[in-house]
Amino acid sequence: MEFVLNSAVQGVQLSGIRRFTALVRNTPGACSLTIGEPDQNTPEAVKEAAKAALDANMTHYPPNNGYPYLLEAVSKFEEQTHGLHYAPDEIILTIGATEGLFIAFSTILNPGDEVIIPTPAYSLYEAVTQLCRGVPVLLPTEENGFQVDPERLKAAVTPKTKALVLNSPNNPTGCIYTKETLDAIHSVLQDKPIFVLCDDVYRTLVYTDCYHSFAEYPDMRDRIIVIQSFSKPYAMTGWRAGYCLADAPIKQRMQVFHQYAVASAPAFIQPACAAALETDTAPMVERFRKRRNLVCQRIQAMGLEAQKPEGAFYLFARVPSCGLDSLSFCEKLLKEGLVGLVPGIYFRTEGFMRLSYCYSDEDLNQGLERVERFLKTL
């Protein structure tokens, strides 16, 4: 019997990043530097809060958008830490940043609406756009130091443009959009009915005091949606917890998708999320800063070209000139050098490869040594 499935689902492929990471895991003896997940465990205070919640039988339905005390905590945290002013009733606790992106796109997109995605970019943005029957419009940035060129942005905007995605610090480059870049983007969009989705999940993990988010432009507050996650800064990837911030009228519509898709985030993880917001992330930032410096020094010594990351825990290096595209090079590196890096093509940018430095110092040093040995064989 032949079934006709949703054409949007049929047109989207499974994640190439996940697929390549699985290939690395299934290669005997391989060292993986592919996944963006902190190597430390969730802080004890966070785990204890969840244990206490279970002991208190917090296993029943919570309010759809999150317990009031947690929404208050998020509101206070964003105001004090990031200078963003969102009331508790403008916040939704989500199943990770992924759900936040899904409900945002589901709320704002109509079939055929265009979403501008600066590349290199995490593949989720393109996939979610397509699943919501939107049209991804890729905006290359590699020739502009991974900054959005305002003239190219202007050229990409059409009457069908509904949204722009900004991920800063960026996955896979670790680069941060400068204030000059953000001002230029603001100048292009300020008088247009275009939403800006600020995926700021790495903003706590920055190595500079010059960080700015597009969410800081109050005159566009009605068109800005901020996506956040507990995963990266608090080593809570497996908890699947995040939140989104949006102007009240937009949030009211987003919660419709949230309610019918997942009902709510689990009750017993919410005290843990509140505890996480009180956790000092400075030691983690310092750990990744040292690893970044090590990786940049080693990569440069190998003769590879890469821009120094200012945030997150990724380095996006150019594939050396050897006649191979990024996928072929990374496959060869894995097979012959027994080390896994993610091909740049999976971020819609050919000629690069992503190295994740959120692994242990031992694994990181071993992986870098293998990369160096492999390069000498080319």
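## Salt bridges, rings and cores

K47 and E44 form a salt bridge, with their closest N and O atoms 2.9 Å apart; the term stands for a side-chain nitrogen of Lys or Arg within 4 Å of a carboxyl oxygen of Asp or Glu. The two sit 3 residues apart in helix α3, so about one helical turn separates them.

A word on the model: it is predicted, so local features need pLDDT of at least 70 and side-chain atom pairs count only at pLDDT 80 or more, while totals for chains, interfaces and linings use all residues. Residues are numbered from 1 along each chain as its sequence is written, and side-chain values use heavy atoms, without hydrogens and water.

Back to the charges: the whole structure holds 16 salt bridges. In one of them, D39 meets R291 at 2.8 Å, N to O. D39 lies in the loop between β1 (31–32) and α3 (44–55) and R291 in helix α11 (residues 282–301), so this pair ties together parts 252 residues apart in sequence. R291 also bridges to D361, at 2.9 Å between the closest N and O atoms. Since D361 belongs to helix α13 (residues 361–375), that link joins parts 70 residues apart in sequence. R291 is buried at 6% relative accessibility, whereas D361, at 44%, is partly exposed. (Buried is under 20% relative accessible area, exposed over 50%, partly exposed in between, with a 1.4 Å probe and protein chains only.)

Now for the rings. There are 14 aromatic pairs in the whole structure; rings of Phe, Tyr and Trp (its six-membered ring) pair if their centres lie within 6.5 Å, and planes under 30 degrees apart count as stacked, over 60 as edge-to-face and the rest as tilted. F230 and Y243 are edge-to-face because their centres are 5.6 Å apart and their planes at 65°. Both residues are buried.

Finally, the nonpolar interior. A nonpolar core is a set of buried Ala, Val, Leu, Ile, Met, Phe, Trp, Tyr and Cys residues joined through side-chain atoms within 4.5 Å. The largest has 72 residues, and F105, L197, I225, M254 and L355 touch the most other members. Apart from it lies another core of 48 residues, including L71 and Y177.

Conventions: Helix = DSSP H or I, 4+ residues; strand = E, 2+ residues; numbered from the N terminus.
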